[in-house]
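Subject: A structure for you to explore

Hi there,

Here is the structure I promised to pass on to you. Have a look around it first, and then read my notes below.

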Amino acid sequence: EAGQERISFADANHSIKGTDFPAILDVYFNDNPQHFWLGKGATSFFSGNKLTAVELTYTFTGDELTTAKSKFEAAAAAVLSGITDDMSQFEIELYLHDYLVSHVTYDLDAPHAHDAYGALVEGRAVCEGYARAFQYLLQQAGIPSYVVTGQSKGEDHAWNLVKIDGEYYYVDVTWDDQDNDNKYYSYFNVTTETLCEDHTIAQ
């Protein structure tokens, strides 16, 4: 949260091995889409096979990060302001899905294409940015959501698993965004069986 570049582990008795850290970083990254400034790369330092320190990378730092956080929070708040107390979980989910489909353009060359900032602030992202933005907005609305990765249509891909009224469904906002004025729901709240017709979930 503080943007510390090098983090050392003072407790020599911890059980984290150097080989474990990439998976731990992935889990943290996937559970915290609001930390859009955290890069995926990290360097691990260890004694024997015991992790002693890590050096993280960031896509924003200093004053630039402060500004980016403010823009992100303002953009998210503007979207969430459209949620009313009488909306059901399904209606909230549908509203957020439709917002992203209408306001985000798929762009491989966007500078922050792979994170929630690119989708919510810049309006340009790839599948990972769509999924992380959807996850964050749902989380803020009190709806559990997770980013799922794998392949679809012959390429690496990301989408969401969402819990609505006690049941889990898959949502692929990216493939529902057809870049025209019509709304598509082919990948909205589908079952595992339906999803796996053209998606492969990473193991």
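Leaving aside its neighbours within four places in sequence, Val148 is in contact with His157, Ala158, Trp159, Asn160, Leu161, Tyr170 and Ile201. Before going on, please keep in mind that this is a predicted model. Val148 sits in strand β6. Is Val148 buried or exposed? Its relative accessible area is 11%, and because the cut-off for buried is under 20%, Val148 counts as buried. One of its contacts, Ile201, is 53 residues away along the chain, yet the C-alpha atoms of Val148 and Ile201 are separated by 7.2 Å.

As a bit of background, strands of a sheet pair through backbone hydrogen bonds, either parallel or antiparallel.

You can walk through the sheet pair by pair:

- β7 (residues 155–164) and β8 are antiparallel and pair over five bridges. In this pair, Asn160 stands opposite Val171 in β8.
- β6 and β7 are antiparallel too, and they pair over eight bridges. Here you can find Ser145 opposite Val162 in β7.
- β6 and β9 pair in the antiparallel sense over three bridges. Look for Gly150, which stands opposite Ile201 in β9.

**Salt bridges**

Side chains of opposite charge can pair when their charged atoms come close. How many salt bridges are there in the whole structure? The search finds five, and I picked out a few for you.

The side chains of Glu55 and Arg6 meet in a salt bridge, with 3.0 Å from N to O. This pair links distant parts of the chain: Glu55 is in strand β3 (residues 50–58) and Arg6 is in strand β1 (residues 6–8), 49 residues apart. Glu55 has 33% relative accessibility, so it counts as partly exposed. Arg6, at 37%, counts as partly exposed.

Another salt bridge joins the side chains of Lys40 and Glu128, at 2.6 Å from N to O. Here, too, distant parts of the chain are linked: Lys40 lies in strand β2 (residues 38–47) and Glu128 in helix α5 (residues 127–140), 88 residues apart. Lys40 counts as exposed, with a relative accessibility of 51%, whereas Glu128 is buried, with a relative accessible area of 10%.

Glu128 also forms a salt bridge with Arg132, where the closest N and O atoms are 2.8 Å apart. Because Glu128 and Arg132 are four residues apart in helix α5, about one helical turn separates them. Arg132 is buried, and so is Glu128. Put together, Lys40, Glu128 and Arg132 are linked in a network of salt bridges.

**Stepping back**

Now zoom out to the whole chain. It has seven helices and nine strands. The C-alpha atoms fill a box of roughly 55 × 40 × 35 Å, taken along the principal axes. With 203 residues, a compact globule would have a radius of gyration near 17 Å, and the 18 Å of this chain agrees with that.

Buried residues make up 42% of the 203 residues. Among the contacts with a separation of 6 or more, 50% come from residues 24 or more positions apart.

Enjoy exploring, and write back with any questions!

Best wishes

Note on methods: Residues numbered from 1 in each chain as written. Predicted model: local features only at pLDDT ≥ 70, side-chain atom pairs only at ≥ 80, totals over all residues. Heavy atoms only, no water. Salt bridge = Lys/Arg side-chain N within 4 Å of Asp/Glu carboxyl O. Helix = DSSP H or I, 4+ residues; strand = E, 2+ residues; numbered from the N terminus. Buried < 20%, exposed > 50% of the residue type's maximum accessible area, 1.4 Å probe, protein only. Pairing = 2+ DSSP bridges. Contact = heavy atoms within 4.5 Å. Rg over C-alpha atoms; globule rule 2.2 N^0.38 Å.
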